[in-house]
Amino acid sequence: MTKLSVLSPVAACYLGFGGLPYGTMYELYQNYAYYFVFAGFFIWLQLLFSFLPEKRRVLAFLRFHFMPLSVSLTVTFLILIASTPDFRILADETNLLGMSKAMYEDHLSVNPTQQVSFYHGFQRRITSVVDMRPLFFPFSLSILHSLLGYSENNAFVLNGLSAFLCLFLIYYITYKRFGRFWGVSGLLLLASFPLFVLYSTSAGFEVYNLLFALILLVAFDNFLETKSASVCEFLLYTALLLAQTRYESAAMVLLILPFIISILKKEEYRNFTLRLSV
């Protein structure tokens, strides 16, 4: 299984950096990249839910952290009041929305550039381009479109939820090392950062990227404690999704690999599952 897990990224690098003609790569990417992101997100969710404890422990966790959760929710509402949700960086946000629309309607990884609208909401895409932006944020937005119906306002919903989770995770990470007082202080410090407020009420991918960066830190902390293959799989999938959220975040995959290789015990390598080779 370990050999297959190594072969998979090697094949991906070969195909992604010149193994196929440009035209073939273009067609494969726009038609099938959506399904690869979907598979990665599905496996990530499966791993996430496999770590959830029994219901009694979950309820005990929520009761114990009820105050920080309430503060995070209250601060999120205050952020939405202080900074009205709006499009701010049009070059990014409108293109991301366009990609999410193509994913929602046709499962294509493209950015529509021209279309014709008919009556009753019918539309026909005329031209489109493969956008340079990573796919995970528009993919997540397309999932929200599937649940709520297509609307440009779904981007604000996704970022609002992400802001709430970011605030709580900042609290939780700080709480585990320094206690509740400093955890809540960290939460409030993040909320007081002007750019966090602006990005939380925009339609860009910055806050969503921060959310997965924080999830990666939690997963890495858990990996340091357990040194297990299952947590390592979750850590790697989180890093891969983070790399598909914002360009610079791809560096996180390279940063955590040396730590994984040096920390993970040899006997744990045989516990890797087929999920890692996907």
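In which helix is the place of Tyr-35? I found Tyr-35 in helix H2, residues 22–50. Helices (H or I, at least four residues) and strands (E, at least two) are DSSP runs, numbered from the N terminus.

A note on ground rules: this is a predicted model, where local features need pLDDT of at least 70, side-chain atom pairs count only at pLDDT 80 or more, and totals for chains, interfaces and linings use all residues. Residues are numbered from 1 along each chain as its sequence is written, and side-chain values use heavy atoms, with hydrogens and water left out.

**Overview.** I noted 12 helices and two strands in the protein chain. From the N terminus, the order reads α-α-α-α-α-β-β-α-α-α-α-α-α-α. Of the 278 residues, 41% are buried (under 20% relative accessible area; exposed is over 50%, partly exposed in between; 1.4 Å probe, protein chains only).

**Back to Tyr-35.** Is Tyr-35 buried or partly exposed? Its relative accessibility is 42%, so I logged Tyr-35 as partly exposed. Ring pairs also link Tyr-35 into a cluster whose members include Trp-44, Phe-137, Tyr-208 and Phe-234.

**Aromatic pairs.** Rings of Phe, Tyr and Trp (its six-membered ring) pair if their centres lie within 6.5 Å; planes under 30 degrees apart count as stacked, over 60 as edge-to-face and the rest as tilted. I got 27 aromatic pairs by this rule. In one of them, Phe-137 and Tyr-208 have ring centres 5.7 Å apart and planes at 70 degrees, so I wrote down edge-to-face. Phe-137 sits in helix H6 (residues 136–148) and Tyr-208 in helix H10, so this pair ties together parts 71 residues apart in sequence. Phe-137 is buried at 0% relative accessibility, and Tyr-208 is buried at 6%.

I then turned to Phe-168 and Tyr-172, whose ring centres are 6.4 Å apart with planes at 20 degrees, so the pair is stacked. Both lie in helix H7 (residues 154–178), four residues apart, about one turn of the helix. Phe-168 is buried at 10%, and Tyr-172 is buried at 19%.

**Ser-228.** My last stop was the loop between helix H10 (206–226) and helix H11 (229–243), where Ser-228 lies. Ser-228 is buried, with a relative accessible area of 15%. Beyond its neighbours within four places in sequence, Ser-228 is in contact (heavy atoms within 4.5 Å) with Phe-223, Leu-264 and Glu-268.
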